[in-house]
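Please keep the sequence and the coordinates at hand while reading.

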Amino acid sequence: MTHSESGKKIEIEIRGLSVTYRGREADVHAVKNCSFSVARGDVVGLVGESGSGKSSALMAIPQLLPSGTLVDGQIICGGLDLAKLSENAMNEWRWRKIALVPQGAMNSFTPHLTVERHITEVLEHHLKTPKNEGKKRAVSLMEAVGLDARILSRYPHELSGGQKQRAALALALACDPDFLLADEPTTALDVITQKEVLETIANLVRDRGMGLILVTHDLPLAAGACDTLIVMKDGAIVESGPSEDIIASPGNAYTRTLIDAIKEMEVPS
Ligand SMILES: Nc1ncnc2c1ncn2[C@@H]1O[C@H](COP(=O)(O)OP(=O)(O)OP(=O)(O)O)[C@@H](O)[C@H]1O
Ligand SMILES: [Mg+2]
């Protein structure tokens, strides 16, 4: 379902987004006048080399950039400009409407809490879900992300890399958000596990009719999972469109470089 009751598409529309980090010596213009949108049901890949501004653009959406960072432009959702919301108002959106799988799954977890406790705490805090209901929801989330329910009693350091990423995904899905923002959710994993975890994410997002922005430097991997690709370079969008079109005939020399760079890495020496 990609439409609200009023018949309007639920989407996040980013208009003219710029992100500038204030430096002691010089400012860093990490994102420059970028515009794109993601609707519920869209699976969008935001790709580009390291430092191209992907995380900065993504983290601007739930206002999770370091304080003091200058953010310009509009992030329109539900008739509101999310960039202008107060911290309290934004908190109402995080987890419930827009959830994040951060870069490096460990950033999702507190070392001394079990996986179950992480999930039940998020549910208690954001949805006031009673503990016994939270436990049931935690079990169904494990199933959804392809983990054994016994994982719930483990601490974060007791999980493999792939299990950690799946658990981070379960946590992000806890409050049944409309949009999922995933920053390099599979980068630390081997190639096969990367593909499996990414397929799990894309399938879940499609089944639930959520919108996904997947950030990755791996353009072919993103193309395999996403319908649309947005290619960033030096803070600007250089190309965007259907994944198959971009892979088949990249309109930009930089995009071609990204495709070739990954292919070369995958050729065994
Ligand atoms: N907190 C910060 N303070 C100052 N500069 C920053 C900060 N975070 C990022 N930058 C700079 O902003 C630019 C974009 O960084 P960003 O993290 O958005 O890139 P990225 O595309 O996500 O890279 P990667 O693939 O390595 O994660 C880079 O030049 C980076 O050095
Ligand atoms: Mg990044």
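A residue is called buried under 20% relative accessible area, exposed over 50% and partly exposed in between, with a 1.4 Å probe and protein chains only. The structure is a predicted model, in which local features need pLDDT of at least 70, side-chain atom pairs count only at pLDDT 80 or more, and totals for chains, interfaces and linings use all residues; side-chain values use heavy atoms, with hydrogens and water left out. Residues are numbered from 1 along each chain as its sequence is written, while chains are lettered from A and ligands numbered from 1 in the order in which they are written.

Confidence is considered before the details. On the pLDDT scale, which gives the predictor's confidence in each residue from 0 to 100, the protein chain has a mean of 92, and 94% of its residues reach 70 or more. Helices (DSSP runs of H or I, at least four residues) and strands (runs of E, at least two) are numbered from the N terminus. Confidence in the protein chain is highest in α1, at 98, and lowest in helix α9 (residues 253-266), at a mean of 82.

S55 leads on to ligand 1. A residue is near a molecule or strand if one of its heavy atoms lies within 4 Å of it. Of the 14 residues around ligand 1, those that come nearest are S50, G51, K54, S55 and S56. Helix α1 gives the most to this shell, with three residues, and β2 (28-39) and α1 each supply at least two. Polar contacts are pairs of N or O atoms within 3.5 Å; within protein, one must be able to donate a hydrogen and the other to accept it, and residues adjacent in sequence count only if both atoms are side-chain atoms. A polar side-chain atom of S50 lies 2.5 Å from an oxygen atom of ligand 1, and a side-chain N or O atom of S56 is 2.5 Å from an oxygen atom of the ligand. S52 takes part through a backbone N or O atom, 3.2 Å from an oxygen atom of ligand 1. The protein covers 63% of the 640 Å² of accessible area that ligand 1 has on its own.

Which residues does T200 contact, leaving aside its neighbours within four places in sequence? They are A144, V145, R166 and L169, where contact means heavy atoms within 4.5 Å. T200 sits in helix α6 (residues 191-208) and is buried because its relative accessible area is 15%.

Two backbone angles close the account. Most residues other than glycine have a negative phi. K128, not a glycine, has a positive phi of about 55°; K128 lies in the loop between α3 and α4 (131-144) and is exposed, with a relative accessible area of 65%. D234, in the loop between β9 (228-233) and β10 (236-242), likewise has a positive phi, near 50°.

Methods:
Accessible areas come from the Shrake-Rupley method with a 1.4 Å probe; for residues, only the protein chains shown count as cover.
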